[in-house]
Amino acid sequence: MNKITIGQYLPYDTFVHRLDPRVKIISVFAYIITIFFVTDFVTFIPFVLLLAAMLYTAKIPFKSIIRSLKPLLFIILITAIINLFTSPGNPVFRLGPFTITDQGIYKTAFTVLRLILIIISTSVLTYTTSPMELTYGLEKLFGPLKRFGFPAGELAMMISISIRFIPTLFEEAQKIQMAQKARGADFESGNIINRAKNMIPLLVPLFINSFKRSDDLATAMEARMYRIGEERTRLNDIAMTRVDYITLFVFLIFCAAIIIKYILW
């Protein structure tokens with residue numbers, strides 16, 4: 001768990017890092033939404049190339065991308081198994097009471113590739129955007145909703161804090177697990193029910209420490225005069241440049257072209 005990279009920021013000076021956080025947030029959401037319109041592997045090629053270009057430009061190490069996938073491998077595996085054994089089609093071979101079809105294999109590969117692209121694209125956002133910039137970007141995007149009473153600043157702060165503390169919680173879970181193992185706890189043997197019961201000595205102190213950390217954070221914010229609903233000033237404000245507008249325009253045109261292709265054809 002000491003190699004968990006979800007929520008971590010890589011402070012490089014690259015073109016992607018210098019982009020306005022609003023551009024990156026909108027681009028990632030547009031990228032993910034557009035992926036769900038894709039229905040064939042050929043159309044995935046420009047998505048893979050675009051993502052590879054962003055990773056290369058942002059100088060994100062390949063091992064960091066692999067590490068970002070590890071915590072979600074279980075979800076990917078479960079999704080793959082469900083699609084593999086529940087999709088109708090021409091039988092390829094049987095595995096006990098289960099039948100694997102050609103459509104099941106195709107759908108499994110397609111779904112896994114889609115999930116991997118979504119996870120990596122989201123990781124690019126957190127790798128290249130600091131928690132403070134992410135907060136400012138979300139607050140600016142939600143800003144027009146303030147006139148309707150929408151708590152834009154508070155929601156942006158909650159999201160950024162949640163992302164920021166993911167690595168911390170993983171690291172704390174590792175320390176608790178090692179401490180419990182030293183006391184004789186067994187997290188690996190037995191059936192799935194026994195394993196779930198054995199997780200209680202890990203989850204209970206983790207939840208207690210999380211609530212304590214939340215209380216400490218709230219106290220620290222109050223000590224710094226943070227007030228809900230109050231307008232706050234910033235040391236370094238964010239502003240869109242011509243490069244940001246051009247990048248966002250090109251990206252949205254790419255996504256719109258893919259969506260229009262599948263809607264009209």
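Reader: Within what distance do the axes of helix α8 and helix α9 come, and at roughly what angle do they cross?

Author: Happy to. First, a word on the ground rules: the model is predicted, so local features need pLDDT of at least 70 and side-chain atom pairs count only at pLDDT 80 or more, while totals for chains, interfaces and linings use all residues. Residues are numbered from 1 along each chain as its sequence is written, and side-chain values use heavy atoms, with hydrogens and water left out.

Now your pair. The axes of α8 (residues 152–164) and α9 (residues 166–182) come within 4 Å and cross at roughly 35°. Here an axis is a line fitted to C-alpha atoms, for helices over the stretch in contact, and angles run from 0 to 180 degrees between N-to-C directions. Ser162, Ile163 and Arg164 of α8 meet Ile166, Pro167 and Thr168 of α9, where contact means heavy atoms within 4.5 Å. By class, these residues are 3 nonpolar, 2 polar and 1 charged. In that scheme Ala, Val, Leu, Ile, Met, Phe, Trp, Tyr, Cys and Pro count as nonpolar, Asp, Glu, Lys and Arg as charged, and the others, Gly among them, as polar.

Stepping back, the chain has 12 helices and 2 strands; helices (H or I, at least four residues) and strands (E, at least two) are DSSP runs numbered from the N terminus. The C-alpha trace spans about 65 × 60 × 40 Å along its principal axes.

Another helix pair to compare is α3 and α6. Their axes come within 11 Å and cross at roughly 25°. The two are therefore roughly parallel to each other (under 35 degrees; over 145 is roughly antiparallel, 65 to 115 roughly perpendicular and the rest oblique). Their crossing is left-handed, meaning that the near helix is turned anticlockwise from the far one by less than a right angle; clockwise would be right-handed. The contact includes Phe41, Phe44 and Phe47 of α3 and, among others, Tyr106, Phe110 and Ile120 of α6. It divides into 13 nonpolar, 1 polar and 1 charged residues.

Two of those residues also form an aromatic pair. There are 8 such pairs in the model, counted when the ring centres of Phe, Tyr and Trp (its six-membered ring) lie within 6.5 Å, with planes under 30 degrees apart called stacked, over 60 edge-to-face and the rest tilted. Phe41 and Tyr106 are edge-to-face, 5.1 Å centre to centre with 90° between the planes. The pair links distant parts of the chain, as Phe41 in α3 and Tyr106 in α6 are 65 residues apart.

Helix α6 (residues 102–128) also meets α4 (residues 62–69): the axes come within 10 Å and cross at roughly 120°. That angle makes α4 oblique to α6, and the crossing is right-handed. Ser64, Ile65, Ser68 and Leu69 of α4 touch Ile116, Ile119, Ile120, Ser123 and Tyr127 of α6. This contact has 6 nonpolar, 3 polar and no charged residues.

Lastly, the strands: β1 (residues 91–95) and β2 (residues 98–101) pair in the antiparallel sense over 4 bridges, pairing requiring at least two DSSP bridges. Phe93 has Ile100 of β2 as its bridge partner. In the hairpin, 2 residues lie between the strands, and Gly96 takes a positive phi near 65°.
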